[in-house]
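Subject: Structure handover

Hello,

The sequence and coordinates come first, and my notes on what was found follow.

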Amino acid sequence: MFDSLIGNTTAKAQLERLLTAQRVPNALLFAGPEGVGKKLFAFELARAFACSQPTDLKACGNCFACMRVGEIAIPKAEKGEEYDRVFFGNHSDVGLVVPYKRNLRVGSIRALESEANFRPYEALARFFIVDDADKMNDAAANALLKTLEEPPLTSYIVLITSRPDRLLQTIRSRSQMIRFSPVELNEVETLLTQKFTISPSDATLAARVSGGSIGRAIAIDLEKFRGARERLLTVVDNAARGRGVAEMLQIGEQLNDAKSKDDFENNLAILENLFHDVWLAASDGNHDGMTNLDVRQQIVGIAKGLPPARPAAWLNEIETMRQNFAVNINRKIATDALFTKMAD
């Protein structure tokens, strides 16, 4: 039943074994990088309980009930209170809880608790997916914990997260974890060329930039990506040569202006990948592991004569900066400090 989903064969096998043995736990935790298909797997699992013609509790994928289970459209809302609910699509027994901005509200978890206590309308069980579960605040986490301690027999909850360590230990211990991994790059390339008719060269770049995340590979705007990368290559080159503080700070201004603020984290990821490629080239000249193979000549030129310890140090600085964003540091000040340190 998971045949239509690419990658994560280990997760597929685990889920199929649980279904065949009729031992699917009432609380599951799908943990792994963003965009690797965790939510698609959750919906596919939900079909097993909604299907009107299952085989060994495996969904047929073709009946009317199966076809009504799928992505649920979330209406745009300006007020957080409008997210204090479980969103349902075309199937009344399959629901989705999502965060409002950066927080999963306690109201949405209480709504889940209420819905989970209703008996299924037409399926074998009700099925609830909590997206970005790591965004629960303490109140929401404690509310969910009450439901997980005594889960209704006719309801299943799947928590989706790319940061399982941010969940309460008590929540993790009451959920069976299924781990997901990045999808093999060649599988992502094949998907992009066959289903989305992307050229082979663009598919290769998108797959490598995505790091095995199908979601990112599909969503990436390669023209915009290449433009941003060209600017950031200047930062990398200046850092390698120890020059151009003024120019680097100017680029820092561009990254933080109102027009670019929504792309800040993407640009930081591009910069991190470029430094990683420079580190590879400076260390052992290994090109196969590079993300930006299409500009490897520029990267090799930058890395020539560069001690590997320098790009390694810059990678550590960027990672520290990423971690500090969790406590809402000032991006402009942090960027200026990072670029100044690189140029020193």
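Glu 272 sits in helix H12. Its relative accessible area is 19%, and because buried means under 20%, Glu 272 counts as buried. Setting aside neighbours within four places in sequence, Glu 272 has contacts with Leu 315, Ile 318, Glu 319 and Arg 322. Please keep in mind that this is a predicted model, and that the values below are computed from it.

The chain as a whole

The protein chain has 344 residues, of which 47% count as buried. Its secondary structure comes to 15 helices and six strands. Along the principal axes, the C-alpha trace spans about 65 × 40 × 35 Å. Among contacts with a separation of 6 or more, 68% are between residues 24 or more positions apart.

The cavity

The structure holds one cavity of 30 Å³ or more. The volume of the largest cavity is about 50 Å³. Its lining is made up of Leu 232, Leu 255, Phe 264, Asn 267, Leu 268, Leu 271, Met 321, Thr 335 and Phe 339. H12, which runs over residues 264-283, and H15, over residues 331-343, each supply at least two residues of that lining. H12 gives the most, with four residues. Sorted by class, the lining has seven nonpolar residues, two polar ones and no charged ones.

Helix H8 and its surroundings

H12 is also one of the helices that H8 meets. In H8, the buried residues are Ala 203, Leu 205, Ala 206, Ala 207, Arg 208, Val 209 and Ser 210. These buried residues pack against H7 (185-195), H9 (214-219), H10 (222-241) and H12. Thr 204 also belongs to H8, which covers residues 200-210, but Thr 204 is partly exposed, with a relative accessible area of 25%. Between Thr 204 and Asn 186 there are 18 residues in sequence and 8.2 Å in space, taken from C-alpha to C-alpha. Just after H8 comes Gly 211, with a positive phi of about 65°.

Two helices side by side

How do H4 and H5 lie against each other? The axes of H4 (residues 106-116) and H5 (residues 138-149) come within 8 Å and cross at roughly 10°. Angles under 35 degrees count as roughly parallel, so H4 is roughly parallel to H5. On the H4 side the contact is made by Val 106, Ile 109, Arg 110, Leu 112 and Glu 113, and on the H5 side by Ala 139, Ala 140, Ala 143, Leu 144 and Thr 147. By class, the residues of this contact divide into seven nonpolar, one polar and two charged.

Two residues have a positive phi although neither is a glycine: Gln 22, at about 55°, and Asp 132, at about 50°. Both are in loops. Gln 22 is in the loop between helix H1 (9-20) and strand S1 (27-31), while Asp 132 is in the loop between strand S4 (126-130) and H5. Are these residues buried or exposed? Gln 22 has a relative accessible area of 62% and is therefore exposed, the cut-off being over 50%. Asp 132 has 23% relative accessibility, so it counts as partly exposed.

Leu 249

The last item is a residue of helix H11, which covers residues 245-256: Leu 249. At 27% relative accessibility, Leu 249 counts as partly exposed. Not counting residues up to four places away in sequence, Leu 249 touches Asp 336 and Thr 340. Ala 309 is 60 residues from Leu 249 along the chain, and their C-alpha atoms are separated by 23 Å.

Where to start looking

Regards

Note on methods. Residues are numbered from 1 along each chain as its sequence is written. This is a predicted model: local features need pLDDT of at least 70, side-chain atom pairs count only at pLDDT 80 or more; totals for chains, interfaces and linings use all residues. Side-chain values use heavy atoms; hydrogens and water are left out. On a 1 Å grid over the protein atoms alone, a cavity is a set of points where a 1.4 Å probe fits but cannot get out, and a pocket is an open set with protein on both sides within 12 Å along at least five of seven lines; lining residues have an atom within 4 Å of a point. Grid points are joined across faces, edges and corners, and a volume is the space filled by probe spheres set on the points. Ala, Val, Leu, Ile, Met, Phe, Trp, Tyr, Cys and Pro count as nonpolar, Asp, Glu, Lys and Arg as charged, and the others, Gly among them, as polar. Axes are lines fitted to C-alpha atoms, for helices over the stretch in contact, and angles run from 0 to 180 degrees between N-to-C directions. Angles under 35 degrees count as roughly parallel, over 145 as roughly antiparallel, 65 to 115 as roughly perpendicular and the rest as oblique. Contact means heavy atoms within 4.5 Å. Buried means under 20% relative accessible area, exposed over 50%, partly exposed in between (1.4 Å probe, protein chains only).
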